[in-house]
Amino acid sequence: LWTIWSASSTVLLASNKHYRPSFALLVEALLTGALGLYLIPALGIRGAALSALIADVCVCAWVIPRLAARELGEDLTIVARQSLQALMAIVIPALACALSWHFFGSIVVRYALAFPLCLGVAVFFILIQLDHEEREILQRVLFRIRAAFQA
């Protein structure tokens, strides 16, 4: 969730529109603290994490992307769809890695097979989400890297 609103806040901060995101972060911090007063005694460190997650969902996870979409003149549903597509490039490989970690007991199998496989799945999902221009830039960068190693 943090990556969704953090990327959106970059747009706002770069265009010197920092007041509203700062206010949203302040509200989120206050909500996190208030929730922490109740959840930390009951759940310990997990209560702190849960407090931060709940506050993030209630405030910054939707307020800051909405502000960024408005600043860019974009529809929030388009921004949300693109963010969710990008999130899938992380969630699916992480889920695959967690499942393989659970089912493979051997540490050798985990690091020699499961980890590279999950990394490959992540790279695949990232690559299929690149648009034509981003793909061309990546190809140029990889070509320069390859040329530097061959020289």
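Is Phe124 buried, exposed or partly exposed, and at what relative accessibility? In this predicted model, Phe124 counts as partly exposed, because its relative accessibility is 47%.

The chain contains seven helices and zero strands. Read along the sequence, the order of elements is therefore α-α-α-α-α-α-α. The radius of gyration of the chain is 20 Å, whereas a compact globule of 151 residues would have a value near 15 Å. Along the principal axes, the C-alpha trace extends over about 55 × 45 × 30 Å. Of the 151 residues in the chain, 23% are buried.

The structure holds one aromatic pair. The partners are Phe124 and Phe125, whose ring centres are 5.5 Å apart and whose planes meet at 75°, so the pair is edge-to-face. The reasoning rests on a cut-off: planes over 60 degrees apart count as edge-to-face. A pair of aromatic rings is described by the distance of the centres and the angle of the planes.

Ser8 belongs to helix α1, which covers residues 2-14. With a relative accessibility of 9%, Ser8 counts as buried, because the term applies to values under 20%. When neighbours within four places in sequence are left aside, Ser8 is in contact with Ile64, Pro65 and Ala68. Asn16, by contrast, is located in the loop between α1 and α2. Asn16 has a relative accessibility of 57% and therefore counts as exposed, since the limit for that class is over 50%. The backbone of Asn16 has a positive phi of about 60°, although Asn16 is not a glycine.

Helix α2 comprises residues 19-43, and Leu35 is found within it. The relative accessible area of Leu35 is 22%, so this residue is partly exposed. Apart from neighbours within four places in sequence, Leu35 is in contact with Ser51, Ile54 and Ala55. The C-alpha atoms of Leu35 and Leu72 are separated by 33 Å, and these two residues are 37 residues apart along the chain.

Helix α3 spans residues 45-58 and includes Arg46. Arg46 is exposed, because its relative accessible area is 68%. Between the C-alpha atoms of Arg46 and Trp101 there is a separation of 22 Å, and the two residues are 55 residues apart along the chain.

Taken together, the residues described here include each class of accessibility. Ser8 is buried, Leu35 is partly exposed, and Arg46 is exposed.

How values were computed:
Residues numbered from 1 in each chain as written. Predicted model: local features only at pLDDT ≥ 70, side-chain atom pairs only at ≥ 80, totals over all residues. Heavy atoms only, no water. Helix = DSSP H or I, 4+ residues; strand = E, 2+ residues; numbered from the N terminus. Rg over C-alpha atoms; globule rule 2.2 N^0.38 Å. Buried < 20%, exposed > 50% of the residue type's maximum accessible area, 1.4 Å probe, protein only. Phe/Tyr/Trp six-rings, centres within 6.5 Å; stacked < 30°, edge-to-face > 60°. Contact = heavy atoms within 4.5 Å.
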